[in-house]
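Student: I have just opened this one and would like to go through a few side chains with you. Can we start with the aromatic ones?
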Amino acid sequence: MAADSMVQLISYLTAQQPYEIVGTPESEWVDFKSASPKGPYDLSTDKGKFELAKDVAAFANAGGGLIVCGFKAKKRTNELYEVAEKVTPFDKKLVNIDSYKDVLTEYVRPLINAKFFWFDHPEDDPETSGHYFVIEVPALAESERWALVTCGTTTTASSSRAAGRSRSATATTRPTFRRTTSTG
């Protein structure tokens, strides 16, 4: 079985039927993420922050969608997209929703009002336990397109060391992007 819409996928998670999602291909409306020991996105690294921001911005630009965490996806030889092949629910302590919101606020312009949801794995499953984390990304209005990942701001080398982080002696400033409109 596979989910063929966002509504159906959320219905399966709400009804604690995650195995019905196995076989669902990633598409313009869904992306699957399994959780590492640091969670679906390792927000302790710049790479993890960038990946979260990139995925959310891409869905906002493409008409909205779901990032469904707790499923392993793999590309099969006969498939165009990766397909959810295994449930991999995880502990809620691996995700701090406030940290996810902070990354999106710092990295993505315009601001995107993503919503975050937890769904329980069935308690009676002897094979695995845990939860599924879903990020619902709304589509940006046509007048607001396109979302850009700005990568936040960079601090000076001395203040980074003072904060307990090591940086090279020369800190660089990352570019920020502004959306301009012309009237004519």
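Student: Is Y132 buried or exposed?
Tutor: In this predicted model, Y132 has a relative accessible area of 0%, which is under the 20% cut-off for buried, so Y132 counts as buried.

Student: How many aromatic pairs are there by the ring rule?
Tutor: The count comes to eight aromatic pairs. In one of them, the rings of F71 and Y132 have their centres 5.0 Å apart and their planes at 25°, so that pair is stacked. It links distant parts of the chain, since F71 belongs to strand 3 and Y132 to strand 7, 61 residues apart. F71 is also buried, with a relative accessible area of 0%.

Student: And what about W118 and F133, how are their planes set?
Tutor: Their planes are at 40° and their ring centres 4.9 Å apart, so the pair is tilted. W118 lies in strand 6 and F133 in strand 7, so this pair ties together parts that are 15 residues apart in sequence. W118 is partly exposed at 23%, whereas F133 is buried at 0%.

Student: Changing topic, where is N61 found?
Tutor: N61 is in helix 2, residues 46–62, and at 16% relative accessibility it counts as buried. Leaving aside neighbours within four places in sequence, N61 is in contact with L140, R145, W146 and A147.

Terms used:
Residues are numbered from 1 along each chain as its sequence is written. This is a predicted model: local features need pLDDT of at least 70, side-chain atom pairs count only at pLDDT 80 or more; totals for chains, interfaces and linings use all residues. Side-chain values use heavy atoms; hydrogens and water are left out. Helices (H or I, at least four residues) and strands (E, at least two) are DSSP runs, numbered from the N terminus. Buried means under 20% relative accessible area, exposed over 50%, partly exposed in between (1.4 Å probe, protein chains only). Contact means heavy atoms within 4.5 Å. Rings of Phe, Tyr and Trp (its six-membered ring) pair if their centres lie within 6.5 Å; planes under 30 degrees apart count as stacked, over 60 as edge-to-face and the rest as tilted.
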